[in-house]
Amino acid sequence: MIPLSHYLIISAIMFTVGVAGVLTRRNAIIVFMCIELMLNSVNLSLIAFSAFLGNATGQILVFFVMAVAAAEAAVGLAIVIAIYRNRSTVNIDELNILKW
Amino acid sequence: MILDTVIFYLLGSVAIASALLMVTRRNPVISVIFLILNFFCLAGLYLTLHAQFIAIVQIIVYAGAIMVLFLFVIMLLNLGNEDQLREKIGWKKIVAIGLGVALALEVLYIVGYQSRLAAVQSPGAVEIGTVESIGRVLFSEYLFPFEVTSLLLVAAIMGAIVLAKKKFE
């Protein structure tokens, strides 16, 4: 049987890859995809805890995370389309109008 | 027993490799394909944890709906070639990679040295992943959050339409 810590290690590595992607990539759509990756790594650890502790709450939480991720992707991609229409770029370094 | 272990390590290594490839590829379409591969591996890992319902929902909602939306937007914006979007390797990128590695080491240290984590799955794990048990919990204990989720989705639909519309009149 695979112990809980191995699932958590996979989840931790995937989360870190997502964080590194958000910090290094400049394409707004790739940044969104890295956020999805981070959400999924957290889902994995939630389901692992749910199975190892014998509690269904973790899986319910994953269900809600998926709903929120779907909403976030829809609104976020609509924002990307609106920005691309106005500035014709999705490079987040050039979108610095809100920067202090 | 052996098969379990082999499947786990295969799915886990493919998941991590596809995540790394997703972050490092320049072409966004290739990134999307690798992210979909990653989601399929995650669905397999959910199956090893006896979470059948979540595994199916993962494939339908994430790999099916959300990633198609991403592909749609990438092709709509014609970002296939990322040449006009130069990404230079500056000091920022090096610092970011260093910080990422530091975060990974911290989390691995915490997880690796935590001896009180369970080693075997709980005997009830087989039952709680079924549609019946998830539905029972979802529509009794978590009924109110479930209803609020529908409001959230309606708000997201309207927000997406308003934001992506050409012009307000």
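## H3(A) against H3(B)

The axes of H3(A) and H3(B) come within 10 Å and cross at roughly 5 degrees. That crossing makes H3(A) roughly parallel to H3(B), because angles under 35 degrees count as roughly parallel. The model is a predicted one.

On the chain A side, the residues that meet H3(B) are Gln59(A), Val62(A), Met66(A), Ala69(A), Ala70(A), Ala73(A), Ala74(A), Leu77(A), Val80(A) and Ile81(A). Their counterparts in H3(B) are Ile54(B), Val57(B), Val61(B), Ala65(B), Ile66(B), Leu69(B) and Val73(B). By class, 16 residues of this contact are nonpolar, 1 is polar and none is charged.

## H3(A) against H7(B)

H3(A) also packs against H7(B), a helix of chain B that covers residues 143-164. The two axes come within 8 Å and cross at roughly 10 degrees, which makes H3(A) roughly parallel to H7(B).

From H3(A), the contact with H7(B) takes in Phe64(A), Ala67(A), Val68(A), Ala71(A), Ala74(A), Val75(A), Ala78(A), Ile79(A), Ile81(A) and Ala82(A). H7(B) contributes Pro145(B), Thr149(B), Leu152(B), Leu153(B), Ala156(B), Ile157(B), Gly159(B), Ala160(B), Leu163(B) and Ala164(B). The contact of H3(A) with H7(B) has 18 nonpolar residues, 2 polar residues and no charged residues.

Leu163(B) lies in helix H7 of chain B. Apart from neighbours within four places in sequence, Leu163(B) is in contact with Val75(A), Ala78(A), Ile79(A) and Ala82(A). Leu163(B) is partly exposed, with 17 other C-beta atoms within 10 Å.

## H2(A) against H3(B)

H2(A) and H3(B) pack with their axes 12 Å apart, at an angle of about 175 degrees. H2(A) and H3(B) are therefore roughly antiparallel to each other.

Ile29(A), Met33(A), Glu36(A) and Ile47(A) of H2(A) make this contact with Ile54(B), Ile66(B), Phe70(B), Val73(B) and Ile74(B) of H3(B). The class count is 8 nonpolar, no polar and 1 charged.

## The contact as a whole

Chain A gives 60 residues to the contact between the chains, and chain B gives 73 residues. On the side of chain A that touches chain B, the elements that give two or more residues are H1 (4-24), H2 (28-53) and H3 (57-87) of chain A. H3(A) gives the most to this side, with 21 residues. The residues of the side of chain A that touches chain B divide into 47 nonpolar, 10 polar and 3 charged.

## The largest nonpolar core

The largest nonpolar core has 67 residues, of which Ile29(A), Met33(A), Ile47(A), Ala48(A) and Tyr46(B) touch the most other members. At least two residues of this core come from each of H1, H2 and H3 of chain A and from each of H1 (2-24), H2, H3 (52-76), H5 and H7 of chain B. H2(A) gives the most to this core, with 14 residues.

Not counting residues up to four places away in sequence, Ala48(A) touches Leu4(A), Tyr7(A), Leu8(A) and Leu49(B).

## Two loop residues of chain B

His50(B) lies in the loop between H2 and H3 of chain B. His50(B) is not a glycine, yet has a positive phi of about 60 degrees. With 20 other C-beta atoms within 10 Å, His50(B) is buried.

Ala118(B) is placed in the loop between H4 (91-112) and H5 of chain B. Ala118(B) is partly exposed, with 15 other C-beta atoms within 10 Å. Leaving aside neighbours within four places in sequence, Ala118(B) is in contact with Leu4(A) and Phe52(A).

## Confidence

The model scores ipTM 0.91 and pTM 0.88. Chain A has a mean pLDDT of 88, and 99% of its residues reach 70 or more. Among the elements of chain A, the lowest mean pLDDT is that of H1(A), at 89, and the highest that of H2(A), at 92.

Chain B averages a pLDDT of 85, and 91% of the residues score at least 70. In chain B, confidence is lowest in H5 (residues 125-128), at a mean of 79, and highest in H2 (residues 28-48), at 93.

How values were computed
Residues are numbered from 1 along each chain as its sequence is written. Chains are lettered from A and ligands numbered from 1 in the order in which they are written. This is a predicted model: local features need pLDDT of at least 70, side-chain atom pairs count only at pLDDT 80 or more; totals for chains, interfaces and linings use all residues. Two residues are in contact if their C-beta atoms, placed from the backbone, lie within 7 Å. Helices (H or I, at least four residues) and strands (E, at least two) are DSSP runs, numbered from the N terminus. Ala, Val, Leu, Ile, Met, Phe, Trp, Tyr, Cys and Pro count as nonpolar, Asp, Glu, Lys and Arg as charged, and the others, Gly among them, as polar. Axes are lines fitted to C-alpha atoms, for helices over the stretch in contact, and angles run from 0 to 180 degrees between N-to-C directions. Angles under 35 degrees count as roughly parallel, over 145 as roughly antiparallel, 65 to 115 as roughly perpendicular and the rest as oblique. pLDDT is the predictor's confidence in each residue, from 0 to 100. A nonpolar core is a set of buried Ala, Val, Leu, Ile, Met, Phe, Trp, Tyr and Cys residues joined through C-beta atoms within 7 Å. A residue is buried if 20 or more other C-beta atoms lie within 10 Å of its own, exposed if 12 or fewer, and partly exposed in between; C-beta atoms are placed from the backbone.
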